[in-house]
Amino acid sequence: MRAMERFMFPMYLWAISTLFLVVMAATCHDHSLLENPAALFIFGDSLFDSGNNNYIRTSRGFQANYRPYGETFFPSPTGRATDGRTIPDFISEYAKLPLIPPYLQPGIQNYNYGVNFASIGAGALLETHQGLVIDLKTQLSNFKKVEKQLRHNLGGEEGKALLSAAVYLFSIGGNDYFAAFAENSGSLVSQEEYVAMVIGNITNAIQEVYNLGGRKFGFLNVSPIGCLPFVKALDPARTGGCKEELTDVARLHNRALSEALQKLEIQLTGFKYSLHDFFTSLNEITEDPSKYGFEEVEMACCGNGPYRGFSGCGSQTRSYELCENPSDFLYFDLVHPTEKAYEQFAKLFWNGSSDITGPYNLKSLFELDNKCRPNLGSS
Ligand SMILES: *[C@@H]1O[C@H](CO)[C@@H](O)[C@H](O)[C@H]1NC(C)=O
Ligand SMILES: *[C@@H]1O[C@H](CO)[C@@H](O)[C@H](O)[C@H]1NC(C)=O
């Protein structure tokens, strides 16, 4: 009798686990990251744009589809505002995805690996560079079209699985502060109120993607923008050249972003995120360039004037200076880091420790719930 009981107990467990496995097999395909990586959807500004602004009516300052942009890697210009690859390009490589195309590029076959909605110059507020960029709201309505098409093509269950396993990357906010600063911000609202508007719009965007099925999010915070070559060039006589007021707004933004994300994690079931402290990682390079393999962290590689911080990199009508070796430089042009710097940030975003990227890093976000993703084969 006792022996029988001992026998029955494992039998019962065995039956339960078998049932469980059968249920799992019915709803999930077990594929490794290598065979079937989660999709990557990209939103934001020039740090992430892979060429959307090539297809909109805008001004040359909001495009990078001319030489010498892209030459280090592609080697012809793609619309990426740097000498080579951007952060999302490296992330897609680490996640075993192909390069993610810009949404407006004609002839995209399907969205199974994701797509890039980002736009050079875009902000979270509609007023930021209005009429010259694809604002965040429009990026979201473009995502809605993609979401509809994915659900239509893959069917309800598979579409849902793809959207919830996908990672949604955001880099947004810097342009909102540049735009306010350029207008000498009529100071109708305080800095705190302005930051709250930007964060409010970012929060709305996250909520919308979540409502459409997104669960895994990645964010860059805003770098010390008061020390960008273009800001320094406006007043090179200033000690150190940096405009501290602008960097202070970035600090306010970063604190508010981090708090907003912590709130969302509590409010939204299943919401998971990775926040890379771009402010700190960029600052560390500035403070100890040789440790990270850089020779020049103040002057841009390409441009004009003090710190090469005047626009004109790649101009056909004016002369401009171009460095010999972009990989010695932190900045490629007046605003944007070089490919070499982007690679270092991407690595920290991908597998950095919790002091620089948290609460998840992107690698762990991509691997999360990896079993319950649709098998898309090699399409
Ligand atoms: C973002 O802010 C603007 C104000 O600039 C507002 O009109 C717009 O509706 C907001 N967009 C989103 C997506 O919340
Ligand atoms: C982090 O990822 C990068 C890119 O795949 C790789 O080069 C590096 O060795 C990784 N570091 C660790 C500590 O795993």
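1. The second largest cavity holds about 30 Å³ of space. The model is a predicted one, and a search of the whole structure finds 2 cavities of 30 Å³ or more.

2. The lining of this second largest cavity consists of F170, S171, I172, I202, F219, L220, H253 and L257. At least two lining residues come from each of β2 (167–171), β3 (216–220) and α8 (244–267).

3. The largest pocket has a volume of about 820 Å³. Its lining comprises 43 residues, of which G61, F62, L334, V335 and H336 are the closest to the centre.

4. Which helices each supply at least two residues of the lining of the largest pocket? They are α5 (174–182) and α9 (278–287). The greatest contribution is that of α5, with 5 residues. The lining of the largest pocket divides into 22 nonpolar, 17 polar and 4 charged residues.

5. On confidence, the average pLDDT of the chain is 89, and 87% of the residues score at least 70. Two segments call for caution. Over residues 1–14 the pLDDT stays under 50, and the model shows 0 contacts beyond four places in sequence for them. Residues 18–34 also have a pLDDT that stays under 50, but for this segment the model has 23 contacts beyond four places in sequence. Where pLDDT is low, predicted coordinates should not be read in detail.

6. As to overall architecture, the chain contains 11 helices and 7 strands. Of its 379 residues, 51% are buried. Among contacts in the chain with a separation of 6 or more, 73% are between residues 24 or more positions apart. The chain exposes about 17,700 Å², and carbon and sulfur atoms supply 54% of that area.

7. Is T86 buried or exposed? T86 has a relative accessible area of 1% and is therefore buried, the cut-off for that class being under 20%. Apart from neighbours within four places in sequence, the residues in contact with T86 are L47, D49, R80 and Y342.

Methods: Residues are numbered from 1 along each chain as its sequence is written. Chains are lettered from A and ligands numbered from 1 in the order in which they are written. This is a predicted model: local features need pLDDT of at least 70, side-chain atom pairs count only at pLDDT 80 or more; totals for chains, interfaces and linings use all residues. Side-chain values use heavy atoms; hydrogens and water are left out. On a 1 Å grid over the protein atoms alone, a cavity is a set of points where a 1.4 Å probe fits but cannot get out, and a pocket is an open set with protein on both sides within 12 Å along at least five of seven lines; lining residues have an atom within 4 Å of a point. Grid points are joined across faces, edges and corners, and a volume is the space filled by probe spheres set on the points. Helices (H or I, at least four residues) and strands (E, at least two) are DSSP runs, numbered from the N terminus. Ala, Val, Leu, Ile, Met, Phe, Trp, Tyr, Cys and Pro count as nonpolar, Asp, Glu, Lys and Arg as charged, and the others, Gly among them, as polar. pLDDT is the predictor's confidence in each residue, from 0 to 100. Contact means heavy atoms within 4.5 Å. Buried means under 20% relative accessible area, exposed over 50%, partly exposed in between (1.4 Å probe, protein chains only). Accessible areas come from the Shrake-Rupley method with a 1.4 Å probe; for residues, only the protein chains shown count as cover.
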